[in-house]
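Open the model in your viewer and keep the selection tool at hand. The stops below go one selection at a time.

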Amino acid sequence: MNRKYRKTIIAANWKMHKTPTETKAFAERLKSAIPRAKRCSIVLCVPFVDIPAAVKLLKDSRIAVGAQNLHWDASGPYTGEISADMLADLDVKYVIIGHSERRALFGESDLMINQKVHAALGAGLRPILCVGEDRQQRDLGVTLEFITYQLKAALAGVSPEDMRRVVIAYEPIWAIGTGQTATPDQAGEVCSAIRSVLRKLYGARIARSTTIQYGGSMNEANAEALLNQEDVDGGLIGTASLDADQFLQIIYTANQDG
């Protein structure tokens, strides 16, 4: 982490877990125990049905609510979809875009992801843009080339001014939900490379100020080692965010001096 230049963000990604009733209990526990120090920002990215409950419970706290997906159009014949304006109207602040599960299971293309980034920014939301390689790409030694392509495709047409509101999450696909984790050195290397790509696209100042999270099975046991990497500015937490006490422990770690 480097708090001199950028914000540390710990974000939960609940995926398809928790009812509104469970969300209320989680939010109350989180509010009661978050550290007073404000060295990191906290985000809960919850299922669509949980958003109203989360927003209501966290309204007077410093915990922001995020969504896990959105559609790129403002409205239209898209049964079951949600627009950026709908999320903004609910007081959602962040939205995850390009998660590997959306790419692999729901066929989201690079063009769709780019359109979603623009839709989110247009509605005043902060995109958490996910990039990452699978096991085969890592074994072939093309991780950095693949992630560079993902970044360039997703950020095409995004202005420098808008880029200041984008968060990048590096999520090695082989580490998501598997219990495997990139070593701190592996995570640091890729996050540093991501910052180098942003430097070429947007210049040193924007690259230096962009928050880059790690998103592959970060938990209370490995968070400190990962967050000690210069270019790892937080986490996009999956499984470990489903338990309030585990999630709080990661937040405590991110709030330490340093």
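Helices (H or I, at least four residues) and strands (E, at least two) are DSSP runs, numbered from the N terminus. This is a predicted model, in which local features need pLDDT of at least 70 and side-chain atom pairs count only at pLDDT 80 or more, while totals for chains, interfaces and linings use all residues. Residues are numbered from 1 along each chain as its sequence is written, and side-chain values use heavy atoms, with hydrogens and water left out.

Select S217, in the loop between strand 7 (212-214) and helix 11. S217 is not a glycine, yet its phi is positive, about 60°. Most residues other than glycine have a negative phi. S217 counts as buried because its relative accessibility is 19% (buried is under 20% relative accessible area, exposed over 50%, partly exposed in between, with a 1.4 Å probe and protein chains only).

Next, select K15, in the loop between strand 1 and helix 1. K15 also has a positive phi, near 55°. Its relative accessibility is 21%, so K15 counts as partly exposed.

Move to helix 12 (residues 244-254), where the buried residues are A244, F247, L248, I250, I251, T253 and A254. These buried residues pack against strand 1 (9-13), helix 1 (20-33), strand 2 (41-45), helix 11 (223-227) and strand 8 (234-237); contact means heavy atoms within 4.5 Å.

Finally, show helix 7 (residues 143-154) with helix 9 (residues 184-202). Which residues make the contact? Helix 7 supplies T143, L144, I147, T148, L151 and K152, and helix 9 supplies V190, A193, I194, V197 and L201.

Note on methods
Axes fitted to C-alpha atoms, helices over the stretch in contact; angles between N-to-C directions.
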